[in-house]
Amino acid sequence: MTMLSTDQNLNHVETQSTPDAKREVLQVIAAQQTSDGAGVSLKRSIGKHSLSELDPFLLLDEFRSDNPNDYIAGFPPHPHRGFETVTYMLAGSMQHQDSNGNTGNLTAGSVQWMTAGRGIIHSEMPQQENGLMWGFQLWVNLPAKEKMCAPRYQDIPPADIPEYTLENGAQIRVIAGTSNSVEGPVKDIVTRPLYLDVHLPANSTWSHVIPADHTAFVYVFEGEGSFGKTNSSEGKRITSNHLGILAKGESVAIGTGEQSVRFLLLAAQPLNEPIARYGPFVMNTRTEIEQAFQDYQNGTLAG
Ligand code: FE
């Protein structure tokens, strides 16, 4: 059971009565420029040396470029096993295809939550030769008992992702979880994630309840904000292309000054299990990773 709510009023109203239950920012991580796939330029904040994982999150990439050379090569066929990949598009479009014949076109504003489970082999290729391509890919781990589950797709078109606006102008898209009684369209994910895309105007505050035992972070991708305190001058300033890891607590507060901010708010239940990871396979033991390679080579990973 999760209880999530946000402030409806222009003046900030506490959603939790105990001030020490607010989640402060533990650490700020700068996203690092890297490339993946056949040469797609991206900024990685989880899944690099500085933050190899944030249980249950394994990776977060932002790709944003209007130079086709940065994205045109895409992600040709590659395998996954043992976790979930979540693609959220803000601009441009991506064609998704797997070796079982499943296809989908990820357009601006859409999300694909793919549970790779025991294995899929897929490609993710740009559907455009020019213009802006912008979005995120998040990897979410699966617990040991679900790692070999049947693969599953939740392809959500833009119109099915609810968005609400508060009196202070804050706009919130609810991708997964519940916010202000608005339920996100992504369902039945084992780590019970909250995935929000939040736009907070200048000179305003906002707070949100997060289950106390869940791992949570924010990723700022436009503007800047002050995170962790209701009084924005006391919070931690986080600017674009930076991730803020939130301490344990029951809610998070954000304030803005002269600039607006746009960020992702993510939370999910940690798994507290050993992680054996190699490229596109994330299992619990090294033996299971070797098995994944063998299955891939034998052609038995997917299907
Ligand atoms: Fe992939």
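Leu 54 sits in the loop between S3 and S4. This is a predicted model, and that holds for everything I say from here on. Is Leu 54 buried or exposed? Leu 54 is buried, because its relative accessible area is 11%, and the cut-off for buried is under 20%. Now look for Thr 215. Along the sequence, Leu 54 and Thr 215 are 161 residues apart. In space, their C-alpha atoms are 7.4 Å apart.

Asp 55 and Pro 56 are joined by a cis peptide bond, with omega at about 10°. Pro 56 belongs to the loop that runs between strand S3, residues 40–46, and strand S4, residues 57–65.

For another pair, take Leu 90 and Trp 206. These two are 116 residues apart along the chain, and 23 Å separates their C-alpha atoms. Leu 90 is part of strand S6, residues 83–91. With a relative accessible area of 17%, Leu 90 is buried.

Next, the metal site. Which residues hold the iron ion as donors? From the protein, the donors are His 78, His 80 and His 122, each through NE2, and Glu 124 through OE. Their distances from the iron ion run from 2.1 to 2.7 Å. Written as a spacing in sequence, the donor residues read H-x1-H-x41-H-x1-E. His 78 is in strand S5, residues 75–80, and Glu 124 is in strand S10, residues 120–126, so this pair ties together parts that lie 46 residues apart in sequence.

What about the geometry of the site? The four donor atoms make angles of 82 to 178°, and the site is irregular. For reference, four tetrahedral donors would ideally have angles of 109.5 degrees. To count as tetrahedral here, all angles must lie between 85 and 135 degrees.

His 78 is buried, at 17% relative accessible area. Glu 124 is also buried, with a value of 5%.

His 78 leads us to the largest pocket. That pocket is lined by 22 residues, and those nearest its centre are Asp 36, Gly 37, Phe 75, His 78 and Trp 139. The space in the largest pocket is about 430 Å³. Where does the lining come from? At least two residues each are supplied by S3, S4, S5, strand S11, which covers 133–141, and S24. S5 gives the largest share, with five residues. By class, the lining of the largest pocket has ten nonpolar, seven polar and five charged residues.

Rolling a probe the size of a water molecule over the atoms shows where empty space is left. How many cavities of 30 Å³ or more does a search of the whole structure find? The search finds one. The largest cavity has a volume of about 30 Å³. Its lining consists of Val 40, Phe 63, Tyr 71, Gly 74, Phe 75, Met 94, Pro 126 and Met 133. Of these, seven are nonpolar, one is polar and none is charged.

Ser 251 belongs to strand S22, residues 251–255. Ser 251 is buried, with a relative accessible area of 0%. Its side chain makes a polar contact with the side chain of Lys 22, at 3.2 Å.

Last, two backbone details. Asn 203 is not a glycine, yet its phi is positive, at about 55°. Asn 203 lies in the loop between strand S17, 194–200, and strand S18, 205–209. Asn 272 is another residue other than glycine with a positive phi, near 50°. The loop that holds Asn 272 runs between strand S23, 261–268, and strand S24, 276–278.

Are these two asparagines buried or exposed? Asn 203 is exposed, at 54% relative accessible area. Asn 272 counts as exposed too, at 67%. The cut-off for exposed is over 50%.

That is the end of the tour.

Note on methods: Residues are numbered from 1 along each chain as its sequence is written. This is a predicted model: local features need pLDDT of at least 70, side-chain atom pairs count only at pLDDT 80 or more; totals for chains, interfaces and linings use all residues. Side-chain values use heavy atoms; hydrogens and water are left out. Donors are N, O and S atoms within 2.8 Å of the metal (3.2 Å for Na, K and Ca); water is not among the atoms, so sites may look incomplete. Four donors count as tetrahedral if all angles lie between 85 and 135 degrees; four count as square planar and six as octahedral if opposite donors are over 155 degrees apart and all others between 65 and 115; anything else is irregular. Helices (H or I, at least four residues) and strands (E, at least two) are DSSP runs, numbered from the N terminus. Buried means under 20% relative accessible area, exposed over 50%, partly exposed in between (1.4 Å probe, protein chains only). On a 1 Å grid over the protein atoms alone, a cavity is a set of points where a 1.4 Å probe fits but cannot get out, and a pocket is an open set with protein on both sides within 12 Å along at least five of seven lines; lining residues have an atom within 4 Å of a point. Grid points are joined across faces, edges and corners, and a volume is the space filled by probe spheres set on the points. Ala, Val, Leu, Ile, Met, Phe, Trp, Tyr, Cys and Pro count as nonpolar, Asp, Glu, Lys and Arg as charged, and the others, Gly among them, as polar. A polar contact is a pair of N or O atoms within 3.5 Å; within protein, one must be able to donate a hydrogen and the other to accept it, and residues adjacent in sequence count only if both atoms are side-chain atoms.
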